[in-house]
Amino acid sequence: MRRTVIIAILCLSLVAAACGDDGELPSASTEPTTTTTTSAPSTGDTTPPTAIGSEAERAPVDASAAVDVLAAGINDAGFDLLRTLPGDENAVLGPASIAHALLMAQAAADPATRDAIDAVFGFQPDAHEAWNALDQAIEASQSDRLIVSIADRIWPRLDVEPDPAWIDLLASRHGADVVPLDFADAEPSREIINGWVAEQTRDRIPELLKPGIIGGNTVLVLTNAMYFEADWRSPFGKYGTIETDFTRLDGSTVPVELMVELELGDRRGAGDGFVGAEIPYAGDEYSMLVIVPDEGRFAEIAERLDQSLLDEIDQTFTPGPFELHLPQWATTTDLDLFEFLSEAGAAPGAYPAISPGAFLGAAVHAADIEVTDTGTIAAAATALEFAESGPPEPELLVAADQPFLYLIRHRESGLVLFSGQLVDPTA
């Protein structure tokens, strides 16, 4: 059986504007757990270096941490970003990956930049504790039919020593380790980082960093990789497919083959201007929420999509039989995140715990998704460059034969891992 695969990658490349400025870094806002020791592997060849990491142990889960608040803030930021994309084109994003990397970078920022990042992503004072709790809950959700892994690595330049408090925070609350690289030898460093990303994503993302991303002014690269693999709880196929027309936003139609399922009984319902349903993955820990706006109301519902609407859906949708018609589709999105982060105040910003004059100079994101009768394959990648310088009778029909929105969520916390829209399954 084909497996469901979701990958989210987030890479932050940090560069120094005053090349060779190696002053002592100020302390991070979080108290260090221990000091950090690093070694200096050479990048004269592409042999993968050994991770060194912090001596800080993974922190125990704080049961009082506001995981739901963290998830809601990440979700809303992702919806805001989705709304910046053209409304008449297919799109897919990895908001959890984007926000997670910015949360790690936030801890290295100066107060003004930290406040700006907190505002756009809704980070609260206990955000790192909340991520630690969420991360470990996701880790505990593994089964023989479900794989979810989140990996983080810090790649400092050989002569750069980031604030030990920041390194320890990322180790204890995010599970990050450390591998110094010789960024003066840019191409081998790029290949080493890309090799790590490819390994974490089972070769779904073979080249996250394109040539030219790493240069003589690079002082640190921070990578995050998120991988999800699962089957639908109930694979499509038993009831075959139907041939019909998909109505585009402009009213034109295109022939499409829709998968049919008659034995679903998860949460479904109708809201003001839309119908929707959750399609669970194996184990019921994760699901895809499909929201199909009424004809002529796609833009309105897309504009309304936020955590409040999700809360409304979660409160009003009820379990029960429904009939689902869903296309198979594939979407790839590439976008520049810099304007979004600049408007939020995160760019250029200041990140003194990395290097005294570090600022965000560039940000790009790429994601793709493929949905089939047995599951989903999705990938997302982001790079931030920092510079110094027998079915029951259905009670509801959810027919995705017109533009619709979709989210992949961790059900317990409500965290949106991926969000997107499909306006033309043939594009």
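A: Let's start with a term: a polar contact here is a pair of N or O atoms within 3.5 Å, and within protein one of them must be able to donate a hydrogen and the other to accept it. Keep in mind that this is a predicted model.

With that cut-off in hand, look at His100. Its side chain makes a polar contact with the side chain of His174, at 3.0 Å. The side chain of His100 also makes a polar contact with the side chain of Trp131, this one at 3.2 Å. His100 sits in helix α2, which covers residues 95-106. Is His100 buried or exposed? His100 has a relative accessible area of 0%, so it counts as buried. Setting aside neighbours within four places in sequence, what does His100 touch? Its contacts are Trp131, Ile150, Asp152, His174 and Asn224.

Now follow Trp131, because that residue takes us to another piece of the picture: Trp131 is one of the α4 residues in the contact between α1 and α4. Helix α1 spans residues 67-83 and helix α4 spans residues 127-139; their axes come within 8 Å and cross at roughly 95°. That angle makes α1 roughly perpendicular to α4. On the α1 side, the contact is made by Val67, Leu70 and Ile74. On the α4 side, you'll find Ala127, Ala130, Trp131, Ala133 and Leu134. Sorted by class, the contact of α1 with α4 has eight nonpolar residues, with no polar and no charged ones.

While we're on rings, here is how aromatic pairs look elsewhere in the model. A pair of aromatic rings is described by the distance of the centres and the angle of the planes. The structure holds seven aromatic pairs. One of them is Phe121 with Phe123: the ring centres are 5.4 Å apart and the planes are at 15°, so this pair is stacked. Both Phe121 and Phe123 are buried. Trp329 and Phe404 also pair up, but edge-to-face, with 5.3 Å centre to centre and 80° between the planes. Trp329 is buried, at a relative accessible area of 3%, and Phe404 is buried too, at 0%. There is also an aromatic cluster, formed by Trp232, Phe236 and Tyr281.

Technical notes. Residues are numbered from 1 along each chain as its sequence is written. This is a predicted model: local features need pLDDT of at least 70, side-chain atom pairs count only at pLDDT 80 or more; totals for chains, interfaces and linings use all residues. Side-chain values use heavy atoms; hydrogens and water are left out. Axes are lines fitted to C-alpha atoms, for helices over the stretch in contact, and angles run from 0 to 180 degrees between N-to-C directions. Helices (H or I, at least four residues) and strands (E, at least two) are DSSP runs, numbered from the N terminus. Angles under 35 degrees count as roughly parallel, over 145 as roughly antiparallel, 65 to 115 as roughly perpendicular and the rest as oblique. Contact means heavy atoms within 4.5 Å. Ala, Val, Leu, Ile, Met, Phe, Trp, Tyr, Cys and Pro count as nonpolar, Asp, Glu, Lys and Arg as charged, and the others, Gly among them, as polar. Buried means under 20% relative accessible area, exposed over 50%, partly exposed in between (1.4 Å probe, protein chains only). Rings of Phe, Tyr and Trp (its six-membered ring) pair if their centres lie within 6.5 Å; planes under 30 degrees apart count as stacked, over 60 as edge-to-face and the rest as tilted.
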